[in-house]
Amino acid sequence: MYKYAFILLFIIPLFTSAQSDMSKGFKLLENGNFENAEQFFEDFLKSNPNNKTARLCYGRAVGLSGEPKKANSLFSELLKENPGDFEVEINYNESFLWAKDYESAKPLYKKLVADYPDKFGAVLGYANTLSNLKEYKLALEWVDKAIALDPENKSALVSKKYMRLGYANAYVNNQQYGKGEAYLQKIFSDFPEDKDALQNLANLYLIIKNVEKAKATYKRYATNAKDSIVALNGIALAEHIGEQDKTALKIAKKAKKEVLKVKDTALTEQTYNRYVQALIWNHKYKKAQIQIDSLKQVNPNRNWIMALDATIGMYMANFKKSINNYDKILANDSASFDGNLGKANALFASDKIIPAYKAAKQTLVIYKKQKDATNFIEKLDLSFTPNVEEHATYTFDNGNNTAYSSTTTAQLALSTKFSSTISYQFRTTENTVTLNKATSHVIIGGLKYKLFPKTNIKAVFGVNKSISTETSFAQPVLDIRLQLQPYILQNLDLIYTREVQSFNADLIEREIVMNHYGLTYNMGTTFNLGWYTQLIYTEQTDSNVRNLLFSSLYYNLFKKPATKIGINYQYLSFADQVPSIYFSPSIYQAVEIFADVRAKLSDKTLFMASAASGYQKVEKDLMTVIFRAETGVQHQFSKRLSGKVYGKYSNIASATAAGFQFTEIGFKIKWLFTKKPLFYAKLQKQIELK
């Protein structure tokens, strides 16, 4: 970024002291026409082989046209012939900068400024060297010394601007956004409304999700037709970050229309890129895919187009398509940020954890401390970090039953494929009229193993020890599930569960064990519609048999707040009717409509509320109104500690085994009791890059 400033530093004094017949060569160098300048001075030196000025100019032309090592060798020879010559030394030093060998240049410039502390070129060269080594604080000190030596020389101010940009970027990468912003703002004192500073400032605001400041900065940037289109593209992204995707698409359409009026290939590509992204954000996948296919025909094997194709694959849960596109991007450019981190996300979504870790780690090798990649790895680590959860509830119903329950669960991941669970539940229940009391203690241990990506087997084994006024018994409990994702956007669980009915004291006394055989199936779509179904067949130790069907058709109405509405249908039947003991109709049906709302109260606090109402019919009885509701608040106290309080009510007849209305209040607290997964050392070996 500094080499053209250096040309002006040296060509002018050389020009004034050299032969006029080299003036053509000087102008070629000054105008950046290095290859022709190289040929000119090569020809000139054939007849004037010892002309120092011509040899310096030839060396500069060689170095700046792409052969810095050759230039370094030429200057080295000159230095041997002219030891201590400032002009030769500074050109020799600068040749290391052209070769990006800043480590070698640093001690040379340090010596040069010690020998010539008042030479502007030496001081500025040292400042630029320090800047390229990312020693920004010291670089800024030296560039100020250069400015003091020659206040009218604009090249030092330009260098200072880029140093501030680099320093700001370093702070942003370290997530010290306030300091980064401060250095960007300082640029405006020397270069009011500088476009580079404005773009970097807007990008910083996007990173910290300060949407309004980002939009205001882009508006400052829009001072001509082309820059207005750049600004529109940026504002569209800001609106997306602010979860205003319809507005983002409207702005992207405007930019697409405006870009047709200018002839700028790069800007046109950036604008079409943002437009297709906006289509994807708004779930207009068919239109987006048509646009992507059209772009592919005109520009095959372009990374930005393949990135769009990968993005639409992620949104439509076609992760194989996304991975294929990211692989093509990396084949073109192994250092691509979109390719590396995009592939990490696609692999994670495909449940390929170790490859996802590796792709994210590769991103950080190229982009040190990059926030998104760092957060991605941290998210993976936290998902495998051992944790303990306490869940306490208090329940009461209109059958005069009260119950208190406390469940403590510890989860330990032993690898990315294998995890274990141990849980203890204590529950005490009492009928305040009959004074019948009972307690139960349930201890279980569980194992979960990933057979293949998207295919898990989960088994829970334990013992339920129940004690009531009249009886005491121990029964094994069991829960085995095969969890599958047979197709895109579909989840299927095959279930067998053995449980002891322990809702109230009367039921505990009867020692009723329920064996459930069933499945749950959930199907999503790319147009916000979903369908969940549960089928359960239950055999009980009192010889009764129960059949249960629950089906829910739902629609995701809004993103912010996340709002889901739908309709539920439930069918329940028992082979034998024993209403004096528990709710056991020959036929029970219920239909209800429901709404579920989830919103952020702050960055760390989530609120949820759901309600459902409809009608239920028990056998031949008249239909009655049903209502149920739940609300809760969850707060993330730290990365490793979260808590939730909630309350719920239901009068649906099948909500409990006894058919009562009930109310429950409770809280949950979850603590990740180590900072890293237990197998962290082994994991690091597994994801080691080769």
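## Strand pairing and overall build

Leu548 stands opposite Leu572, a residue of β11. The model is a predicted one, in which local features need pLDDT of at least 70 and side-chain atom pairs count only at pLDDT 80 or more, while totals for chains, interfaces and linings use all residues. Residues are numbered from 1 along each chain as its sequence is written, and side-chain values use heavy atoms, with hydrogens and water left out.

Strand β10 (residues 545-558) pairs with strand β11 (residues 562-574) in the antiparallel sense over 12 bridges. Two strands pair if DSSP finds at least two bridges between them. Helices (H or I, at least four residues) and strands (E, at least two) are DSSP runs, numbered from the N terminus. A hairpin through 3 residues joins β10 to β11. β11 also runs antiparallel to strand β12 (residues 588-602), and 11 bridges join these two. Leu572 has Tyr588 as its bridge partner in β12. In a regular strand, side chains alternate between the two faces of the sheet.

β5 and β6 form a hairpin with 3 residues between them, and Asn456 stands opposite Gln483 in β6. β6 and β7 form a hairpin with 5 residues between them. Leu489, in the turn from β6 to β7, has a positive phi of about 65 degrees.

| Strand pair | Residues | Bridges |
|---|---|---|
| β5 and β6 | 455-468 and 472-484 | 13 bridges |
| β6 and β7 | β7: 490-500 | 7 bridges |
| β10 and β11 | 545-558 and 562-574 | 12 bridges |
| β11 and β12 | β12: 588-602 | 11 bridges |

In total the protein has 24 helices and 16 strands. Its C-alpha trace spans about 115 × 50 × 40 Å along the principal axes. The radius of gyration is 35 Å, whereas a compact globule of 690 residues would have one near 26 Å. That radius is taken over C-alpha atoms, and the globule rule is 2.2 Å times the number of residues to the power 0.38.

Of the 690 residues, 46% are buried. Buried means under 20% relative accessible area, exposed over 50%, and partly exposed in between (1.4 Å probe, protein chains only). Among contacts (heavy atoms within 4.5 Å) between residues at least 6 apart in sequence, 48% join residues at least 24 apart.

## Two residues

Is Asn93 buried or exposed? Asn93 counts as buried because its relative accessible area is 3%. This residue lies in helix α6 (residues 86-98). Leaving aside neighbours within four places in sequence, Asn93 is in contact with Ala105, Leu108, Tyr109 and Leu112.

Lys675 sits in the loop between β16 (662-672) and α24 (680-686). With 66% relative accessibility, Lys675 is exposed. Apart from neighbours within four places in sequence, Lys675 is in contact with Thr385 and Arg640.
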